[in-house]
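Thanks for making time. I will go through side-chain contacts and charges in one structure, and I will keep it short.

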Amino acid sequence: MRAGRVHSVIAAGLEDPRLLARWRHEPELLRGCGVDPAALDLEALWKFAGLSAKVKHNGLRADLPLTFRLMNVAGLEIEVFASYAAARADDGRRYAETPAARAADLSDFLKDWLDFGRREHAMLWDVLRYEMALARLRRAAAAEAETETQGPRSAVAPNGKSVPGVRGEVILHEMRCDPRAVAETLWEKTPRLGDVPLGAHYFCFWRRGAGTEVHILQLDELGFYLLSLADGRRTAARISRALGGGARPAKGFLAALGELAEFGILTFDAS
Amino acid sequence: MKYLNDSNGATAVGLAYGPSAVEFIDQNPGWLDYVEMPFEQLRHTPHVAAIQETIPVILHCASMSVAGFVPPSEETIDAVKREAERTRTPWIGEHLAFVSADGLSEGGAEGPTSLTYTVCPQMSEETVERVAENLNGLRQRFGAPLILENAPQYFEVPGSTMPMTDFVCAVASRCDVGLLLDLTHFLITTLNTGADAFEEVARLPLERVVEVHISGLNFQSGVAWDDHATPAPPEVFELLGRVLERARPRAVTLEYNWSPAFPQAILKSHLERVRAAAGRA
């Protein structure tokens, strides 16, 4: 087999992993390219395409250090990036220019590709969203002028006619693990991912306004869904009904609204 | 501008350029002898050249496809030459690999395929001859010598007629060229091909080793992979010890340049380990 032809086949397969799938189904096509099908390990080449794709995403490591560390510890990097490279080739899409856009594309892919029944996959999804939320809010904060004023907290106790709205920007994620607990084990000498407890976790990533720090709040279920519905248009009564409560919001519901307002994350307008 | 002066015969110790290296240099002035800079980085982000006001630079390259059949463009060669002259690099490290190849159609009608990652070539007499031809042409273009870095082998390359060690030996002998021995690539190759790294390293022409590379590796999906985001395993340092028993490379470079969060404490301890091994403690 001529070296130049062998190099051509390898380079073409790495550049367009769709060819690897085609050669797998029709090995004789390889012979037509001057390469003995029995001599080329297509599976290994597919994995190597994963390494190449992974290296192209090194620029994401600044925002996603835990995500990469978790993929490494769980032995997922090659599998993830080989599958991702193949998927991008199938779609005929090049990798995005900026790290933020690349992270968003990778996240879109993983959402469909991950098997959430597998512990490491579920943890990876949570850690990725955790780091992306922080990165997005921090970037937004850095991009804006330091013009934010603290503003008065809502002193008025909410009632059914109050219209709760978020002060600043929030990102809400329901997760199966606490990424902070994952982080602790990831930086140990021998990370034990199996020891990280799984369960329902409700996270709110909140930036009060321009140029301010990002808060990570762990909420209860009521607070989480309350915030997800507080859009500055719906009244407390409507939100209460949307959450299965009565037309007249219960005391506990209003108390939860009041607590969020006390913390500074919600403000109230009258309807 | 700073330039590497290794006339005292001691092995210089440096880091591959990256965010962690920049942080280390800032926090530990005078600790490193040089930073190894990828030509491709200088080409695409020329402002990084400013680091040479602080520390000498050795040029490393992945664009010349020395073991390939598609030559680099004149523009690329001219750009490498300019950077080599500007940095006054003592040598230019290049991969014994290919980074571009002819297209698949007969006659390559669709143009060559250019990759962004170097690939282990077919290891055969044909490739050895091709490397010799390529080097003959390139050497005339540069004032600094080219040295060649062994590639990591992740899979059997069809048509190969010799293992990596024999291929490196054949190229070194045929081309009379210095070597950049990447010990992690070497260990990865032996792990993936079932060879004994310590027996194989003893077969290399170590007297030709000008520079050594050290980085991490990991096992995933049944294969050992290069990984510049993790620390080198103990076996790599054992291999370094074997090399230093027989040879005195002019430089040892730690390549921990994939992660901006590479722990500075590990960087320092590995640099200390290399300095001690090279008699620089």
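This is a predicted model: local features need pLDDT of at least 70, side-chain atom pairs count only at pLDDT 80 or more; totals for chains, interfaces and linings use all residues.

Salt bridges to begin with. How many does a search of the whole structure find over all chains? The count is 27.

I will start with B:R141, which sits in the loop between α4 (125–139) and β7 (146–149) of chain B. Its partner B:E74 is in helix α3, residues 74–87, of chain B. In this salt bridge the closest N and O atoms are 2.9 Å apart. On accessibility, B:R141 is partly exposed at 25%, and B:E74 is partly exposed at 48%.

B:R141 also forms a salt bridge with B:D78, with 3.1 Å between the closest N and O atoms. B:D78 has a relative accessibility of 31%, which puts it in the partly exposed class.

Next, B:E129 and B:R174. Their closest N and O atoms are 2.8 Å apart, and they form a salt bridge. What does this pair tie together? B:E129 belongs to helix α4 of chain B and B:R174 to helix α5, residues 164–175, so the contact joins parts that are 45 residues apart in sequence. Both ends are partly exposed: B:E129 has a relative accessible area of 32%, and B:R174 has 42%.

In chain A, A:E28, A:R31 and A:D36 are joined into one network by salt bridges that share partners.

Now the aromatic side chains. Over all chains, the count comes to 18 aromatic pairs. One of them is A:F109 with A:W113, a stacked pair at 5.9 Å centre to centre and 25° between the planes. The angle counts as stacked because it falls under the cut-off of 30 degrees. Both residues are in helix α7, residues 99–113, of chain A; they are four residues apart, so about one helical turn separates them. Is A:F109 buried or exposed? A:F109 counts as buried, at 14% relative accessibility, while A:W113 is partly exposed at 23%.

A:Y202 and A:Y225 make an edge-to-face pair, because their planes stand at 65°, with ring centres 6.3 Å apart. A:Y202 is in strand β3, residues 201–207, and A:Y225 is in helix α10, residues 221–229, both of chain A, so the pair ties together parts 23 residues apart in sequence. A:Y202 is buried at 10% relative accessible area, and A:Y225 is partly exposed at 29%.

There is also an aromatic cluster with members from chain A and chain B. Which residues form it? They are A:F48, B:Y117, B:Y154, B:F155 and B:W225.

Last, the surface charge. A:E174, A:D220, A:E221 and A:E259 gather in a patch of negative charge on the surface. Of these, A:E174 is placed in strand β2, residues 169–175, of chain A. A:E174 has a relative accessible area of 38%, so it counts as partly exposed. A patch takes residues with over 30% relative accessible area and no salt bridge, and the 38% of A:E174 is therefore over that limit.

That is the end of my part.

How values were computed: Residues are numbered from 1 along each chain as its sequence is written. Chains are lettered from A and ligands numbered from 1 in the order in which they are written. Side-chain values use heavy atoms; hydrogens and water are left out. Patches are made of residues with over 30% relative accessible area and no salt bridge: like charges are joined within 9 Å, nonpolar side chains (Val, Leu, Ile, Met, Phe, Trp, Tyr) within 5 Å. Accessible areas come from the Shrake-Rupley method with a 1.4 Å probe; for residues, only the protein chains shown count as cover. A salt bridge is a side-chain nitrogen of Lys or Arg within 4 Å of a carboxyl oxygen of Asp or Glu. Lys and Arg count as positive and Asp and Glu as negative; His and the chain ends are not counted. The place of a charge is taken as NZ of Lys, CZ of Arg, CG of Asp or CD of Glu. Helices (H or I, at least four residues) and strands (E, at least two) are DSSP runs, numbered from the N terminus. Buried means under 20% relative accessible area, exposed over 50%, partly exposed in between (1.4 Å probe, protein chains only). Rings of Phe, Tyr and Trp (its six-membered ring) pair if their centres lie within 6.5 Å; planes under 30 degrees apart count as stacked, over 60 as edge-to-face and the rest as tilted.
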